[in-house]
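Hello,

Please find the structure below, together with its sequence. My notes come after it.

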Amino acid sequence: MAERYEIRFSGAGGQGLITAGIILAEAASIVEGKSAVQSQSYGPEARGGASKSEVIISDGPIDYPKATIVDACLAMTQVACDKYANGIKPGGLLLLDEDFVPNVPEGDFKVVRVPIMRTAQEEIGRAIVANVVALGAMIALTGVVAKESGLKAVLSRVPEAFKDLNEKAYNMGFEKVKAAMA
Amino acid sequence: MAKKVALMQGNEACAHGALYAGCNFFAGYPITPSTEVAEVLSNELPKVGGKFIQMEDEIGATAALIGAALTGAKALDATSGPGMSLKQELIGYACIAEVPCVIVNVQRGGPSTGMPTGPGQSDMQQAMWGTHGDHAAIAISPASCQEIYEETVRAFNLAEKYRMPVQLQLDEICAHMREPVTFPEPGELEVIDREAPTVSPEDYKPYDDSQGQIPPLASFGSGYRYHVTGLNKAADGFPTTKAELVDAEERRQIAKVMDNLDDILKNEEYQLEDAEVVLFAYGSTSRSARYAVNELRKEGIKAGLFRPITVWPFPDERVAELAEQAKAIVCPEMNLGQMVREVERVAKGACLVSHIGRVDGEPINPGQIIDRVKEVL
Amino acid sequence: MAYDYEKSIRPGKLPHIWCPGCGHGIIMKGLIRAMDSCELDLKNTAVVSGIGCASRLPGYLDACTLHTAHGRAAAFATGVKMAKPEMTVLVVGGDGDGTAIGGNHFIHACRRNIDITYIVMNNNIYGMTGGQFSPCTPTGAMASTTPYGNPDPTFDISKLAIGAGATFVARGTAFHATQIDKLIAEGIRHKGTAVIEILDDCPTTYGRRNKFRSVVDMMKRLKDIAVPVAAAAKMTPEQLEGKVLTGVLYKEERPEYTEQYAQVIAKAQGA
């Protein structure tokens, strides 16, 4: 993977998608030693609205630090999907929350729908880990870093008491996508 | 042992670079998009016995900065557009009183409140000419998180060595993006501390240049009693209106920078050997320009990048050479024409100078630069 | 034997710039006596000022002296004290410098209760620029920018300081010269922000516009309006009309800022 690979996470402010982007960038750079740049959109609102976090990963140096045309995009809400699910590379990937994005955009990209929030809320019992479910899903979808690298990056960020919870969330996101694509 | 590597924002890298340089005092006032610098230092400075103070306003922050620096502290202040405007009078004070300190300006959209979360490079001329009166300025514009770390160390070094304020001109893109930063080991980067006087307290004159252009600065509380003022003053630090003394002091303060360009200037040159078109770009915009150079080279277009890391003083000599060499110099900047004025001044018509300006809160993308290069060739 | 002021004065820096009849010199002598009685080591004493006639005072003292920008003295002083708490930090300045352009720094220094002693030389006018009205110019008074009489209400600097949180506030006058050093010395000894307001006179730019025929008239006014706190306690509101209280107006013990920050350091270092 010498070329740059661009991933966008989008959703509602407060859903932890900026953190998901940061963890992915850490998995790529700190764990795997690649180049990575993470950036995000800033609005005046800390919660709600639509927010995005973008990660660029490359084996070589990354010049332009912002996304040009993304290889993969996640949208957790319809608002985020309408605003940010664009500029996807032909043949790229669009990962959607199955429940919260009812209107699926059309285009030259592969759409994968997974119940990210429902998995977090019902199967794990904590909505707060939806971003880690999403991260696992995105890594399964793109293969941009190894599964273990993503998990290592997740676990290095969470306190001991929450490691099991997050590992479960990460693995579930990963498996849901594998099942959806099978 | 492997070096510590961490993914961090440019602002965080700035704070850690400051700590590496020995920064032990921060005074600031909250303003987007610079707040992470203060947040990190509020946490880290007390751990090393340093001091953090959040002042009542931007002007007070710079005042406290200078006061602390006079006691020997290595002092940092971080702000953004509107805050930088407020600080200008005291930046002039630090220039004339010759007090080492570092001020970070994370540039955002403007003028006025503008776009607090949008990037800009529109305070570039302010960095040179913002404060009133003739003076020299040193300003640095790094382009990556690693470089922000290292250039913050250099900013302190230059401040201490040349006994003056140094400005770090970041932009919101560099300040907020996250990249892996490798922490240098102690001793790996040079750290310069100001020269202390060797004369006795009785013989000390804070602006006596008989031993060199940059008189040593005694710290308050170190046994030396002297006077500091914002008035034009003589070598002994006391106000004077004697024409020859005022003139000599003003000229020395500018000469101490302009006579040492070899030490102060720092540029990166990329693919310039045979370049027919030179991209002149700094800060985050230089990354778009570098991307554009690579794309243009793939198409057989001889493009190169000149990236000033020290943006003030301006690298007159090298830019003049490039103007002679190239058919065109293209200057992308997130403003409507600031550093391009310097390029034009120095090029003296030797080649075409073309500006790409953007002030809509969006970065200049490589495509824009590529299109312009093809237009001018 | 005459008091030896010379040892605290920088050789060769006198005469000062102040006009004949100005009270600043009286206050400077009071300050010198106060510094002396507190046995301050001038090598470890910073005297900080802003801009104006009063702000020229530090240049005459043989200490670490810092003549800063208009209004900013308290903020510079905060930086000095914060970075080097072992230094004694004094601020001197006028009413306009301290309470108009420097008002924000003044009140926040008081709020923090940082251990600096701020001496405000209140002559009710901007003297150096030629007599424009200040926040302390009496309503109705004449100044170069109030040709029809001053429409502005005035600040009571001592009340402002108390309200903002200063833990030692005292007021004296340039007439009551022997009290000045005692008030300032008590302020220096006090741990925390001390504000000493000294009512002063400016014959050149205030007196001559406001029907004071001589410096003596101005000094007489200071003598007449001052009422010591103890005496005031026995007076009726009618008797106190037009008077100002002098002496120690307020004093409390509250944690000092640099000591508070020392605790931050201890906490950060896991103590």
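This is a predicted model: local features need pLDDT of at least 70, side-chain atom pairs count only at pLDDT 80 or more; totals for chains, interfaces and linings use all residues.

Residues are numbered from 1 along each chain as its sequence is written, and chains are lettered from A and ligands numbered from 1 in the order in which they are written.

Contacts between chains: two residues are in contact if their C-beta atoms, placed from the backbone, lie within 7 Å. Two pairs of chains are in contact, and chains B and C share the most contacts. Chains A and C do not touch, with 20 Å between their nearest C-alpha atoms.

Between chains A and B, 16 residues of chain A meet 17 residues of chain B. On the chain B side, the elements giving two or more residues are strand S1 (5-9), helix H7 (172-176), strand S8 (178-182) and helix H10 (285-298). Helices (H or I, at least four residues) and strands (E, at least two) are DSSP runs, numbered from the N terminus. H10(B) gives the most, four residues.

Chain C has ten helices and ten strands. Its radius of gyration, taken over C-alpha atoms, is 18 Å, close to the 18 Å that the globule rule (2.2 Å times the number of residues to the power 0.38) gives for 271 residues, so chain C is as compact as a globular protein of that length. Of the contacts in chain C with a separation of 6 or more, 67% join residues 24 or more positions apart.

Regards
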